[in-house]
Amino acid sequence: GPALRPAAWRVVLSVLHKAVEGAKAEITQGFRIAQQTCSDFLGQIDEGGLRHLIVVVGCYAKQSTLEEKVNVNLSAIQLLWTLTDYCSLKYTGATATSLWRALLLELRDLSRDSRPEVRNSAMKTLFSALGSRGRAVPAEYWPTCVWEVLLQIWDGVQEETQKAEVLERQGSKGGLEGALRPDKARPALMVHHSRDTPAKQWDETWCTVVD
């Protein structure tokens, strides 16, 4: 790690980027290397390499191949926080703007993830980063941040919440009609109102946004 030059790191990051598209074993191993990179070798990576690393970590946060191991997604989001902390302390000016933008866009895109624990973690990380490290965000980037990150999250989560509510109403209506007019060949359907429906989960996410 410490002996690698920036060009060599770009090769390593390209391999890690490719691994996230592979089989489960490749994803797991690739993510372990990404974790080690973020914990031990950030000082060896130049600005361009850091932007690439941010995208790579974002891909691990978004991946759905390891559905039974959502902890990989959540750990990747934690790495984005680590990168935010590192970049806010080390960089200023145009470089800081570039890195902050890359980080916030990855977290923004995760705000519409279908898995509630993933999207909620991403948004809490984003809002915490802006709350605790906001002074490190270059002033000239804030207007862009509002338009391409914050308002996009607002609109995106609102849209997903509304779609989930429509689907829930349609499903409830269909289930109720089936129960009221059952076929002779099958028993009547019962409507179950779960507290953990997609609509309720998106409503909780929407509360995170407006809070």
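The structure is a predicted model, in which local features need pLDDT of at least 70 and side-chain atom pairs count only at pLDDT 80 or more, whereas totals for chains, interfaces and linings use all residues. Residues are numbered from 1 along each chain as its sequence is written, and side-chain values use heavy atoms, with hydrogens and water left out.

The chain contains 8 helices and 0 strands, where helices (H or I, at least four residues) and strands (E, at least two) are DSSP runs numbered from the N terminus. Along the sequence the pattern is α-α-α-α-α-α-α-α. Of the 211 residues, 40% count as buried; buried means under 20% relative accessible area, exposed over 50%, and partly exposed in between, with a 1.4 Å probe and protein chains only. The accessible surface of the chain, computed by the Shrake-Rupley method with a 1.4 Å probe, comes to about 11,600 Å², and carbon and sulfur atoms contribute 54% of it. Among contacts (heavy atoms within 4.5 Å) with a separation of 6 or more, 73% are between residues 24 or more positions apart.

Helix α2 spans residues 24-40 and has 17 residues. From its first C-alpha to its last, α2 reaches 24 Å, close to the 24 Å expected at 1.5 Å a residue; the expected span is 1.5 Å times one less than the number of residues. Buried positions in α2 are Ile 27, Gly 30, Phe 31, Ala 34, Thr 37 and Cys 38. Seen down the axis of α2, these residues fall within an arc of 115°, so they line one face of the helix; the arc is that of the directions from the helix axis to the C-beta atoms. This buried side packs against α1 (6-19), α3 (47-62) and α4 (70-90). The face turned away from it carries the exposed residues Ala 25, Arg 32 and Ser 39.

Ser 111 lies in the loop between α5 (93-110) and α6 (116-133). Its relative accessibility is 2%, so Ser 111 counts as buried. Residues up to four places away in sequence aside, Ser 111 touches Arg 119, Met 123, Ile 153, Val 157 and Trp 202. The side chain of Ser 111 also reaches the backbone oxygen of Arg 108 at 2.6 Å.

The count of disulfides, defined as pairs of cysteine sulfur atoms within 2.5 Å, is 0. Cys 38 is buried, with a relative accessible area of 5%. The closest cysteine sulfur to that of Cys 38 belongs to Cys 87 and is 9.7 Å away, too far for a bond. Cys 207, at 35% relative accessibility, counts as partly exposed.

Key: Polar contact = N/O pair within 3.5 Å; in protein donor to acceptor, adjacent residues only side chain to side chain.
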